[in-house]
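Thanks for coming. I will go through one model, starting with the overall layout and then the helix packing. Please have the sequence and the structure open while I talk.

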Amino acid sequence: MTTLAVALISVGGTLGGTLGGAVLSQRAGRAEAAEQNQRADRERQQERDEQALQAKRDLYAHLNTAARAYRIAAQDAVRAAERGENVDPAVLDAAKEAWGEQYSQAQMALTKDVLQVASKLNRALGVGYSVVKQLPSTPDGTYERAKKWFSAPLSDGVYLLRVTLRHDLGVEVEPHFEQTRMQMLAELDSAGRNLERLLAAERAQAAGSN
């Protein structure tokens, strides 16, 4: 009986150890699988974040490029008209259309602060377009006014957009940028509204003389 009991205990211990080892092995396998799944989830999320950031960078780069190209095309048109050269309207219209397309796409993705800057700049670029279209056929003070608009307020507006985009991407960090942004926006908006009123008055005067 003693021998049998010892044998049974030995067999039971062996079976228990085997079963216990199997259970522990299954638990370890499940834990490893769970860890692998979590790691895969983190990698997929990181990949999605990187893709989203790259898409944002591309959008911002295209928006900045379109704004600069639009301002330069208008500025070149003013200088050419002042020299008495023929100005191809297709160049400026193409730049205007390219900006409009990028701005429309950006409106769906920009944060509130960035959209505010882009919106004010969009209006200022539109004022610049009107400036070019209303240039007289003979040089006078309106050319100086136009050149000043493109080299000062509008140039500052394009610069503000670029800096705002860089801040939003975390590329550029300036502690007092928000205060600077609001001040530059107010100046751009004020200058644009003043020029709009002046252009409207000139259109009314020209229509009355006709």
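First, a term: helices (H or I, at least four residues) and strands (E, at least two) are DSSP runs, numbered from the N terminus. On that basis, the protein chain reads α-α-α-α-α-α along the sequence. That is six helices and zero strands.

Some conditions apply. This is a predicted model, in which local features need pLDDT of at least 70 and side-chain atom pairs count only at pLDDT 80 or more, while totals for chains, interfaces and linings use all residues. Residues are numbered from 1 along each chain as its sequence is written, and side-chain values use heavy atoms, with hydrogens and water left out.

Now the totals. The accessible surface of the protein chain, from the Shrake-Rupley method with a 1.4 Å probe and with only the protein chains shown counting as cover for residues, is about 13,200 Å². Carbon and sulfur atoms hold 54% of that surface. I call a residue buried under 20% relative accessible area, exposed over 50%, and partly exposed in between (1.4 Å probe, protein chains only). Buried residues are 27% of the 210 in the protein chain. A contact means heavy atoms within 4.5 Å. Of the contacts with a separation of 6 or more, 75% join residues 24 or more positions apart.

Next, the packing of the helices. Two packed helices are described by the angle between their axes and the distance between the axes. The axes here are lines fitted to C-alpha atoms, for helices over the stretch in contact, and the angles run from 0 to 180 degrees between N-to-C directions. Angles under 35 degrees count as roughly parallel, over 145 as roughly antiparallel, 65 to 115 as roughly perpendicular, and the rest as oblique.

Take α2 and α3. Their axes are 11 Å apart and the packing angle is about 165°. That makes α2 roughly antiparallel to α3. On the α2 side, the contact includes Leu 92, Trp 99 and Tyr 103; on the α3 side, it includes Leu 121, Leu 125 and Tyr 129. The crossing of the two is left-handed, meaning that the near helix is turned anticlockwise from the far one by less than a right angle; clockwise would be right-handed.

What angle do α3 and α4 cross at? Roughly 155°, with axes that come within 10 Å. α3 and α4 are therefore roughly antiparallel to each other. This crossing is left-handed. Ala 124, Val 127, Gly 128, Val 131 and Val 132 in α3 meet Ala 146, Trp 149 and Phe 150 in α4.

α4 and α5 cross at roughly 15°, and their axes come within 3 Å. That makes α4 roughly parallel to α5. Lys 148, Trp 149, Phe 150 and Ser 151 of α4 make the contact with Pro 153, Leu 154 and Ser 155 of α5.

Two of the helices can be checked for length. The expected span is 1.5 Å times one less than the number of residues. Helix α3 covers residues 112-133, and its end C-alpha atoms are 32 Å apart, in agreement with the 32 Å that its 22 residues should span. Among its buried residues are Val 114, Val 117, Ala 118 and Leu 121. Helix α5, residues 153-169, has 17 residues and reaches 24 Å, close to the 24 Å expected. Its buried residues include Gly 157, Leu 161, Thr 164 and Leu 165. Just after α5, Gly 170 takes a positive phi of about 80°.

Beyond neighbours within four places in sequence, Thr 164 is in contact with Val 114, Val 117, Phe 177 and Arg 181. Its C-alpha atom is 10.0 Å from that of Tyr 60, 104 residues apart along the chain.

Asn 64 lies in helix α1, residues 2-82, and counts as buried at 14% relative accessibility. Not counting residues up to four places away in sequence, Asn 64 touches Val 158, Arg 162 and Leu 165.

Gln 102, in helix α2, counts as buried at 15%. With the same exclusion of residues up to four places away, Gln 102 touches Leu 59, His 62, Leu 63 and Ala 66.
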